[in-house]
Amino acid sequence: MAIELIVEDNRFRIQTQEFSTAWLPDTPINRYSLIVWLRWLVDAKGKPLFTLQELAPIVGSTNRQAANQHIEDFRQCGEDFRDFVLRKRKVDEAVVSGVRDAVQQTPLAGSPELAERVNAQLRRHDLSEANVRAALEQIPCTVVLGTLRRQLAAGQAHYKEDDLLEELLVNGSGPVGAAAGLAMPASDEGMVLSDPTAIKHLVTPDVPVEQIPHALAWVTFLMTLYYWNVPLSVLGRWVGVHKTTVLRWILGLARALWPILYQWLWDRVQAGMVYIDEKWIRIKGKWHYWFVVLDTETELPVLAVLLPSRTGWACRCLGRMLQRIGKIPKVIITDGLLAYHYLLNGAKHVLCRFHHQQRVTAWLQKHFTEKEQIDERKPAMKALLQTTDKRTVRRRLERLKEKAEAWGISGWVDTVVEKLPSLICSIGSVRLPSTSNAIERFFRVFNRFYKTRGGFHSVRSAKRELILFLVVYLFTQRDTDGKAPIEAIVPDAPRMPLYRLINDPFGTLAVLKNVKPATPLADFLLSQGAEA
């Protein structure tokens with residue numbers, strides 16, 4: 001029976017004249033297992049449906065021995081798929097034993113550290129983090145509980161999340177930008193622009209555009225185009241340099257501008273009441289979270305920090321940074337992430353009612369399958385907060401409690417009762433916002449910036465681009481009112497050359513006598529950071 005191997009977008013499937021498999025991730029283990037499974041298919045006479053020669057192409061070979069080797073490995077594992085997969089993942093008893101010994105010594109060690117120690121113990125170099133994780137799946141928790149209890153009792157084991165503590169230590173002392181969590185790394189010093197005076201002129205009101213060096217005006221224009229997702233390769237082709245040179249120019253400009261802009265935020269934004277939310281960002285294949293704290297009055301970010309998780313420790317780190325920069329809000333509006341309760345002691349928490357309403361539908365769809373059941377319960381559950389009177393909310397909640405058992409919504413009612421102080425406080429209030437729409441708008445703008453990038457290759461590169469985003473975002477006019485966010489604290493911002501170059505680049509560049517400078521743009525930059 002002929003077999004056709006179809007591969008698309010890192011997924012594959014097998015198709016024959018009579019049947020086909022579903023799409024599977026294109027991994028070696030999946031291919032090896034599929035060879036065994038297909039070989040074990042037999043006809044009415046007990047004869048295999050597929051020959052080894054027909055199965056060999058699944059592993060990219062024309063030799064039947066390639067398929068036969070995996071069949072023999074399967075037989076040596078007692079024809080047990082679990083043992084077969086573990087064998088293919090290089091996880092034998094010796095590896096499991098080595099990982100068990102390492103975990104008993106340091107129960108909170110991560111996979112990279114365990115892989116390094118087990119490789120050294122077994123005198124190997126081929127064990128990866130994936131192999132360690134596979135070995136950990138075979139080790140019961142009772143193996144390490146005794147060690148962990150002893151270390152906790154002695155104060156030797158703490159769930160610290162090393163990445164978060166390192167971030168906190170790095171930001172423990174330094175300038176304002178560092179306290180904001182987005183300080184440029186020291187290795188970026190080579191991207192400093194050569195004329196600090198010209199940089200200051202960019203953000204000085206009433207400075208004629210003619211006084212801005214032509215090259216600096218064009219770098220600002222390139223930065224704006226990159227913010228609006230024009231590819232670096234296109235920008236490089238337009239100005240006659242490599243795309244990495246363009247990237248160094250615009251990141252250097254953003255780096256030079258950021259301390260000035262953040263100093264304004266530091267000095268002029270009170271942040272007594274803030275929105276807090278986070279956006280997931282993919283960095284080198286792993287999820288990180290960009291936490292942003294937005295002042296409710298000005299809708300300006302007072303803190304933006306990139307962290308590897310959104311656990312309670314991450315929020316404690318965030319609260320520590322707010323304390324360091326002297327911005328200790330009395331009211332915090334969030335979407336309901338439980339870890340935010342660890343943020344600051346004494347702050348009043350307000351939950352976004354819009355997110356609460358969204359979760360009603362999600363909860364019903366999870367717990368009920370019949371549309372009639374959902375339609376019967378949804379109006380009463382959503383109507384709970386649709387009022388401007390707190391007493392009405394409490395009366396409606398009491399009626400829901402009476403129906404909770406019959407309707408099967410006791411779990412939802414208990415959750416609402418627990419969160420009621422944070423939900424009801426904004427009902428009828430003219431001071432407390434009822435939703436976190438402002439920070440949602442901020443992240444909608446960021447999503448437009450981020451979606452074409454789809455991730456970053458390192459934390460350093462992510463921080464660089466986040467700073468660039470903030471610099472241009474602060475000076476970009478909104479469609480709704482024609483004002484830039486920075487105007488909330490700097491009313492004369494429209495008279496600055498940077499404002500004009502970002503919002504009216506063609507009209508501003510036309511003012512310059514020499515639109516295309518005779519000297520290369522690179523001459524404006526330090527040779528260390530801008531050689532093409």
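Helix α20 (residues 437-451) lies across strands β4 and β5, running at about 20 degrees to β4. Helices (H or I, at least four residues) and strands (E, at least two) are DSSP runs here, numbered from the N terminus. For the angles, axes are lines fitted to C-alpha atoms, for helices over the stretch in contact, and the values run from 0 to 180 degrees between N-to-C directions. Helix α21 (residues 459-475) also packs on the sheet, touching β4, β5 and β6, and its direction makes about 160 degrees with that of β6. A contact, in this text, means heavy atoms within 4.5 Å.

All of this comes from a predicted model, in which local features need pLDDT of at least 70 and side-chain atom pairs count only at pLDDT 80 or more, while totals for chains, interfaces and linings use all residues. Residues are numbered from 1 along each chain as its sequence is written, and side-chain values use heavy atoms, with hydrogens and water left out.

Now to the sheet itself. Its 5 strands form an open sheet with mixed pairing, in the order β6-β5-β4-β7-β8. The edges belong to β6 (301-307) and β8 (348-351), each with a single partner strand, so one side of each is left without a neighbour in the sheet. On average, neighbouring strands of this sheet are turned by 25 degrees against each other, direction ignored. Two strands count as paired if DSSP finds at least two bridges between them. Strands β4 (residues 273-283) and β5 (residues 286-295) run antiparallel and are joined by 10 bridges. In β5, Lys-286 is the residue that stands opposite Ile-283.

Of the 532 residues in the protein, 47% are buried, where buried means under 20% relative accessible area, exposed over 50%, and partly exposed in between (1.4 Å probe, protein chains only). The protein exposes about 27,200 Å², with carbon and sulfur atoms supplying 51% of it; these areas come from the Shrake-Rupley method with a 1.4 Å probe. Among contacts between residues at least 6 apart in sequence, 60% join residues at least 24 apart.

Charged pairs come next. Side chains of opposite charge can pair when their charged atoms come close. The structure holds 12 salt bridges, each being a side-chain nitrogen of Lys or Arg within 4 Å of a carboxyl oxygen of Asp or Glu. One of them links Asp-26 with Arg-31, the closest N and O atoms being 2.7 Å apart; Asp-26 is partly exposed at 29% relative accessible area, whereas Arg-31 is buried at 14%. Another joins Lys-371 to Asp-375, where the closest N and O atoms are 2.7 Å apart. Lys-371 and Asp-375 sit 4 residues apart in helix α17 (residues 371-382), so about one helical turn separates them. Lys-371 is exposed, with a relative accessible area of 57%, while Asp-375 is partly exposed at 37%. In the pair Asp-389 and Arg-391, the closest N and O atoms are 3.7 Å apart. Here Asp-389 is partly exposed at 23%, and Arg-391 counts as exposed at 58%.

As for confidence, the protein averages a pLDDT of 82, and 86% of the residues score at least 70. Over residues 159-180 the pLDDT is below 50, and this stretch has 46 contacts in the model beyond near neighbours in sequence. The pLDDT, from 0 to 100, is the predictor's confidence in each residue. Residues 514-519 also stay under 50, with 7 contacts beyond four places in sequence.
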